[in-house]
Amino acid sequence: MANEEKKIETTVIHGGYDSKNHNGSLTPPLFQTSTFTFETAEQGERRFAGAEDGFIYSRLGNPTVRTLEERIALIEGAEAGLAFGSGMAAVSAVLLALTKSGDHILCSKGVYGCTFGLLELMNEKYNITHSFSNMDSEQAIEDAISFDTKVIYVETPINPTMALIDLELVVKVARKYNVPVVVDNTFSSPYLQQPIKLGCDIVIHSATKYIGGHGDVIAGLVVGKAEFINNVAMTTKKDIGGIISPFDAWLLLRGLKTLPVRMDRHCSNAAKIAELLKQHEGIEELYYPGDPNNPQYEIMKKQMKQAGGLISFTINGGKEEAQRVLNELKLIKIAVSLGDAETLIQHPATMTHAVVPEEERKKMGITDNMIRLSVGLEAWEDIWSDLKQALDVLVLKK
Ligand SMILES: *Cc1c(COP(=O)(O)O)cnc(C)c1O
């Protein structure tokens with residue numbers, strides 16, 4: 001389709017949808033239906049046999065969901081896409097499709113808390129093992145790969161330390177060993193980073209975050225080669241059933257339209273807040289890939305359009321002081337999740353990464369004095385003044 005040649009700012013609005021096929025409806029219609037009627041028994045037979053295109057039952061496919069799936073594939077530059085009822089439904093459908101008992105998954109050092117939980121479950125119940133690598137050199141990745149490695153699973157930036165993985169480097173080694181690279185692209189959004197174009201095989205999003213963008217949907221997306229996507233559609237998606245509702249798909253289609261505009265503001269606000277945080281006396285260390293002094297700044301420049309809207313930082317103090325800072329805030333909301341219009345703040349050690357055993361958490365660099373901020377779309381001056389008055393408490397206490 002002509003869509004493929006368009007820029008992302010256009011594809012997020014028009015990709016995968018032609019109003020001519022829908023009575024001229026400007027926005028994609030919401031097909032809020034569980035099932036689809038067949039005109040004849042024979043037509044039903046043909047649909048089930050795959051001899052005729054068309055919808056059967058919404059767990060297998062739905063026109064509103066299909067539009068979203070085509071749109072995200074076009075945005076990421078992939079052959080095909082699939083939507084799920086949550087980011088974790090997407091992660092689990094992909095990992096279960098790619099592995100069997102005895103296989104090994106090589107992960108970036110640090111993954112989303114529930115992804116860590118899923119990896120543990122797969123290990124305990126199905127003997128699918130995993131290990132972590134910082135993947136900071138070709139040698140480091142090669143050393144971590146074994147004959148049983150069937151997936152390289154990467155988050156970049158890594159939640160919540162904001163460490164980056166050089167995707168070009170990972171792809172180079174993965175190709176040599178013929179192992180697919182799966183990227184959880186949630187923190188970047190497809191506007192800032194497009195791993196398929198860098199040679200990665202599969203991209204996952206928690207669409208709950210930047211793609212939805214309004215804090216009102218839980219959903220997941222996956223893109224990749226058509227053969228893989230069809231396989232997932234017919235196995236771990238269809239039979240485990242973590243599907244998205246048509247209404248949520250419709251909300252994501254709406255959210256996507258403003259993704260580039262929102263991301264630009266998230267990024268410029270975050271840059272401003274990071275600069276100010278860095279100068280504040282209560283801050284021990286800043287974790288933000290957009291800081292030119294960040295050792296991974298060049299990797300950011302190479303593979304991301306901008307540095308994103310998330311900032312982590314450690315404060316002078318421990319758990320108690322970190323909780324105190326959160327409690328002092330008035331405008332900024334204490335909540336997990338990210339990528340919403342509202343600025344959100346959370347304490348990873350006791351919230352998103354509480355499921356990770358303390359020892360593992362330390363290895364991932366998640367300390368008790370770390371705070372993660374998802375910078376929203378408010379005026380940066382208002383975000384900063386709230387943050388500053390909360391952080392000032394730390395300075396006064398000294
Ligand atoms: C939120 C998140 C997930 C899980 O997504 P849900 O939509 O909450 O199921 C996975 N990976 C990352 C990086 C996330 O931030």
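A polar contact here is a pair of N or O atoms within 3.5 Å; within protein, one must be able to donate a hydrogen and the other to accept it, and residues adjacent in sequence count only if both atoms are side-chain atoms.

Some bookkeeping. This is a predicted model, where local features need pLDDT of at least 70 and side-chain atom pairs count only at pLDDT 80 or more, while totals for chains, interfaces and linings use all residues. Residues are numbered from 1 along each chain as its sequence is written, and side-chain values use heavy atoms, with hydrogens and water left out.

Back to Q346. Its place is strand 11, residues 344–346; strands are DSSP runs of E, at least two residues, numbered from the N terminus. Is Q346 buried or exposed? Q346 is buried, at a relative accessible area of 0%, where buried means under 20% and exposed over 50% (1.4 Å probe, protein chains only). Setting aside neighbours within four places in sequence, the contacts of Q346 include L326, A335, M351 and I371, contact being heavy atoms within 4.5 Å.

Now the ligand. There are 14 residues around it, the closest being G87, D184, S206, T208 and K209; the criterion is a heavy atom within 4 Å. An N or O atom in the T208 side chain is 2.6 Å from a ligand oxygen atom. For S206, a polar side-chain atom lies 2.8 Å from an oxygen atom of the ligand. M88 uses a backbone N or O atom, also at 2.8 Å from a ligand oxygen.

Definitions and conventions. Helices (H or I, at least four residues) and strands (E, at least two) are DSSP runs, numbered from the N terminus.
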